[in-house]
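Please read the numbered points beside the sequence and the model.

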Amino acid sequence: MNATKALRQASAAQHRTPMIRFLGKRSAPETVDHAPHAHPASSTHSLPDSFASYRQNAQQHGPLGRKTSSPSGIGAIGGHAGSSLGPVEPAKGQYFDRSELPARFRATPWSQDEIEAIETGGASMFA
């Protein structure tokens, strides 16, 4: 007990030096250039002339600024009759629902032993 007390007093007398080293005081730069510039990974390395010209070529889940070809002016979704979209039947080898799959791909039903093992956390397997 006295040895621990002596060690604590000796270590308290020494100045503690942290292991992390700081480079210096942080300071904000005097001037910051807020002028717009192209991203370094940009393919064109130039800014667009205007936001409208940018939207003409932008893509986000499909074209943003392009007009649809429907005569009524309605958008692409719901702009055509369902019969003009083609057949609704899946192609050969494709299925719309799991219940249509062949039997070898269907989920097997749980057995009573498996259900009991899950409910008891596996303890029933060893009892």
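What percentage of the 127 residues in the chain do buried residues make up?

1. The answer is 4%: that is the share of buried residues among the 127 residues of the chain. The chain exposes about 12900 Å², and carbon and sulfur atoms supply 57% of that area.

2. The mean pLDDT of the chain is 78, and 82% of the residues score at least 70. Confidence is lowest in α1, where the mean is 73, and highest in α3, where the mean is 90. Where pLDDT is low, the predicted coordinates should not be read in detail.

3. As to secondary structure, the chain contains three helices and zero strands. Along the sequence the pattern is therefore written α-α-α. Helix α1 covers residues 2–13, helix α2 covers residues 51–57, and helix α3 covers residues 112–119.

4. Several points concern the loop between α1 and α2, and S42 is one of the residues found there. Is S42 buried or exposed? S42 is buried, because its relative accessible area is 19% and the cut-off for a buried residue is under 20%. The side chain of S42 reaches two backbone nitrogens: that of T44 at 3.3 Å and that of H45 at 3.1 Å.

5. H45 also has its place in the loop between α1 and α2. Its phi is near 55°, a positive value in a residue other than glycine.

6. With a relative accessible area of 69%, P36 is exposed. How many residues apart in sequence are P36 and L47? They are 11 residues apart in sequence, and their C-alpha atoms are 8.1 Å apart in space.

7. The structure holds one aromatic pair. The rings of F51 and Y54 have their centres 5.8 Å apart and their planes at 35°, so the pair is tilted. The two residues stand three residues apart in helix α2, which means that about one helical turn separates F51 from Y54. F51 is exposed, at a relative accessible area of 57%, while Y54 is partly exposed, at 44%.

8. Which residues form a nonpolar patch on the surface? W110, I115 and I118 do, and together they have about 340 Å² of accessible area. Of these, I115 is found in helix α3, the helix in which confidence is highest. I115 counts as partly exposed because its relative accessibility is 31%, and the cut-off for a patch residue is over 30%.

Definitions and conventions: Residues are numbered from 1 along each chain as its sequence is written. This is a predicted model: local features need pLDDT of at least 70, side-chain atom pairs count only at pLDDT 80 or more; totals for chains, interfaces and linings use all residues. Side-chain values use heavy atoms; hydrogens and water are left out. Rings of Phe, Tyr and Trp (its six-membered ring) pair if their centres lie within 6.5 Å; planes under 30 degrees apart count as stacked, over 60 as edge-to-face and the rest as tilted. Helices (H or I, at least four residues) and strands (E, at least two) are DSSP runs, numbered from the N terminus. Buried means under 20% relative accessible area, exposed over 50%, partly exposed in between (1.4 Å probe, protein chains only). Patches are made of residues with over 30% relative accessible area and no salt bridge: like charges are joined within 9 Å, nonpolar side chains (Val, Leu, Ile, Met, Phe, Trp, Tyr) within 5 Å. Accessible areas come from the Shrake-Rupley method with a 1.4 Å probe; for residues, only the protein chains shown count as cover. A salt bridge is a side-chain nitrogen of Lys or Arg within 4 Å of a carboxyl oxygen of Asp or Glu. pLDDT is the predictor's confidence in each residue, from 0 to 100. A polar contact is a pair of N or O atoms within 3.5 Å; within protein, one must be able to donate a hydrogen and the other to accept it, and residues adjacent in sequence count only if both atoms are side-chain atoms.
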